[in-house]
Amino acid sequence: MDAKNQGPLKGLRLIEFTTAWAGPYATCLLSLLGMEVIKVESRSWLDHTRSRSFSTGRNFDNPDQSGVFNNLNLNKKSITLNLKKSRAVELAKRLVALSDGVIENMRPGVMRRLGLDYDAVCRIKPDIIYLSSSACGQVGPQREYVGYAPTFAALGGLSLNTGYEDERPSNFMGAVDLRSATTAAVAMLAALLRHQRTLKGQYIDLSSQEAITVLNGEALMDYLLNRKVRTRRGNRDDVMAPHNCYPCAGKDNWISIAVASDEEWQALCRVMNQHELENDPRFSEQGARLRNQDELDNIIIEWTRNQDCYHVMEVLQEVGVAAAPSLSAEGLFKDPHIKKRKVFRQVDHPVLGKHWVITPPWRLSETPAGIQRHGPLLGQHNDEVFLGLLGLTASEFEVLKEEGIIF
Amino acid sequence: MDIWDERENGAQSEEFSSGHSESDGVLEGIRIVEYCSGVSGPYCAKILADLGAEVLKIEPPGVGDETRYMGPFAGDDPDPEKSGFFLYLNTNKRGLTLDLHKPEGKNIFFRLIRGADVLIEDRAPGYMDGIGLGYEDLEKANPGLIVSSITPFGLSGPYRDYKAYPLNTAHISGQGYLLPFPSPNLDRPPVKVGDHASEYDPGLVAAVAILAALLWKGVSGRGQFIEISKQEALISMQRVESVTYANDGVYMSRTGGLNPMPGGVLPCKDGYVVIITPQEHQWEALIRLIGNPDWSNEKWTHILHERNQRAQEINDHLIEWLMQHTKEEIFHKGQALGCPVAPLLSPEDQAYSEQYAVREFFQENRHPIIGRTQLPTTPYRFSENPWHLERSAPLRGEHNEEIYGGRLGYTAQELGKLKEEGVI
């Protein structure tokens, strides 16, 4: 693993009270950039990603066995506090007083009941940046509604706008949460930047539903400008044709091809060895290609169906036609470009052994983001945080553990 | 004195402040130059502009940003000043036209860069270096400059120079298999996420790194270069799903066959709803919602893995009930019982949603050509820095006079000449 954290956020500290994907990945992004992130969790309200994976259907007997948790909590520290007990809340507050930011994604109202809401925390740390991430936001009639990634995608309008026109709209799973998470990281960093300049803290209310809504700009604008409601159109585009995935040799292998100009179209015809199509009035200009794209797709399918998808990419890229295979998890892992750029890497995990994760998505020249540590074991940093940072004595620490406060 | 400072000193021209009060944005005082087209780069700069940064958007003279030619257009009139797509992606920015290939254009560009904190550019790998405006050239002029490059495949590797439109970038990052989940029919191609959503993501990912680099600049005074590959930004957004094969050797089929759960996207009387009940009490809430039908009293319905095995059968039962109820009814009744259920909203539904209304998610925009329209705002509310629509998306070259004339000091005559020569 990268020897030392050189990330741009070195020196900043954040306390998180989050579970699932959207909260944990927000702070994971910050920890990859060098922030010290202390995750407050507990055996009494275990993060469900420590228990099971919705992606693979696997259940875990042991909270330290989850690859999903590992992948979403890299570099962080974990402490355990049973926040149902008031002394645990007091300890959490002492940690907040030593921190720059707080992120929580409890159901709205929970942090207030615990005595850890923004107003309470402000009394001990007036310049704290405190971000609440929730399904629909902290205000409004739906503020207490529960949700997961699929409901965010549904309420955000992305589900209805994705899929084939003649089939049900698409469902979305956990990955949608990572959009909300990245949005939270943006908001937290912006507020930290303002703090750097003004020394002022503030509260941020983030709605996951809205974080997805803003990614659906064209459909929104079509309604707001023209009162038109768009429908899902598979892989198709407003302007470009061909614009689809085409079957290749093997099982469930596809190549995406998009043509934006007449030059690209003519190059495609030449590579397909169908010169007569170049001047065929059905396809010779963009509008005609768009109108006749069903026919066009069938012609291309005939050409691609028995070819290797990487071969099709190469011959088309050579003549300036945009083509790229549609990759599965296996395809990504084996792709030569992704390999060369070291997008996948292994971390050493005490329970999982060598475990593959995705590297940070940015390359910063002076302050590289990096992975220093596997996702923490449950309570792995209790000693370091309670004895070191908070300065408890060994005997105080033992008593708190015995009484189920550090739990 | 650099050109940006004049504003702080209050020496701005009349037209600079006409009709607007300068709001106290979160990123007030951050200065950004955007040289981008399309979605990812402009969306990244929009995020920062909406947070209060000052963004100068540079478009090549004549044509301008490609989204000016992409719909939806106001009134379906394909006029480059009527694109709703451009309008959305470029709020709160000032618009300049500048030809970076002409010597005077370069000269002006360097003057803008000298006082800037950030340059966001999305040109093909090597392009900026080729015209003498690469990071090394710019860094000499301004060591505090942060440059963020956004390209489909990054600046190295075998696909570096490959052509990729949004469709290609989405598919080669695994989204067809790992994002819209599942796209179940193996006879049909894997399907991308709707419209250009896959192009917004890299802009969002880039904004994180830019803000982090700005924080470091605040400490060190130094800038840096940030490389963003859209493909990698998108893979990182499916980071859990992407490693399933590498770690578990499992092939996550897009049929969703690995872990079928009852629920998912299901039809109802007036559209669709999505139901997900990972916890037992949520499943029980769902059963209460549909009125405790006879089949739900059978023993197997209390056992998670049996339910999963009979997911299709359960869904058939659910659909029977759902088809007699509207999505709003199902949503509110289900949520009142603690069942995670939601309607699949259309933009029309969102425009009339009480939740959005209370949160003032849509706000009015005035555009000189499009007129008055509602615009979506941002997904976060800052207690100290409320969102403002400071200005609508710029017309082509709308702020040339203000910036080149008012701040760089070009006279009307000189501006006329620059225009004639095609520099602006």
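In chain A, the domain assignment (domain bounds come from an automatic or database domain assignment) gives domain 1, made of 13-215 + 342-402, and domain 2, covering 243-336. The C-alpha centres of these two domains of chain A lie 42 Å apart. For chain B the assignment gives domain 1 as 5-238 + 361-420 and domain 2 as 264-350, and 42 Å separate the centres of domain 1 and domain 2 of chain B, again taken over C-alpha atoms.

A word on how to read the model: it is a predicted one, in which local features need pLDDT of at least 70 and side-chain atom pairs count only at pLDDT 80 or more, while totals for chains, interfaces and linings use all residues. Residues are numbered from 1 along each chain as its sequence is written, and chains are lettered from A and ligands numbered from 1 in the order in which they are written.

Chain B as a whole comes next. Its secondary structure comes to 20 helices and 12 strands, where helices (H or I, at least four residues) and strands (E, at least two) are DSSP runs, numbered from the N terminus. The C-alpha atoms of chain B fill a box of roughly 85 × 50 × 45 Å, taken along the principal axes. Of the 424 residues of chain B, 54% count as buried; a residue is buried if 20 or more other C-beta atoms lie within 10 Å of its own, exposed if 12 or fewer, and partly exposed in between, with C-beta atoms placed from the backbone.

Where do chain B and chain A touch, and how many residues are in contact? Two residues are in contact if their C-beta atoms, placed from the backbone, lie within 7 Å, and by this rule 122 residues of chain B are in contact with 124 residues of chain A. On the side of chain B that touches chain A, the largest share, 15 residues, comes from helix α9 (residues 197-220) of chain B. The residues of that side of chain B divide into 74 nonpolar, 31 polar and 17 charged, where Ala, Val, Leu, Ile, Met, Phe, Trp, Tyr, Cys and Pro count as nonpolar, Asp, Glu, Lys and Arg as charged, and the others, Gly among them, as polar. The chains are also joined by strands: 3 bridges link strand β6 (residues 202-207) of chain A to strand β12 (residues 380-382) of chain B, and the two run antiparallel. Two strands pair if DSSP finds at least two bridges between them, and here B:Tyr380 in β12(B) is the bridge partner of A:Leu206.

Chain A has its own helix α9 (residues 217-226), which is largely enclosed by the rest of the structure, because 9 of its 10 residues are buried. Among the buried residues of α9(A) are A:Glu218, A:Met221 and A:Asp222. What covers the buried residues of α9(A) includes α3 (84-89), α17 (347-351) and β11 (371-376) of chain B.

Which residues of the largest nonpolar core touch the most other members? A nonpolar core is a set of buried Ala, Val, Leu, Ile, Met, Phe, Trp, Tyr and Cys residues joined through C-beta atoms within 7 Å, and of the 239 residues in the largest one, A:Met188, A:Leu189, B:Leu211 and B:Val273 touch the most other members. The largest share of this core, 15 residues, comes from α9(B).

Finally, consider strand β4 (residues 101-104) of chain A. A:Gly101 and A:Ile103 point one way from β4(A) and A:Val102 and A:Glu104 the other way, and all are buried. Strand β1 (residues 13-17) of chain A runs parallel to β4(A) and is joined to it by 4 bridges, with A:Glu104 as the bridge partner of A:Phe17. Strand β5 (residues 129-134) of chain A also pairs with β4(A) in the parallel sense, over 4 bridges, and there A:Ile103 stands opposite A:Leu131.
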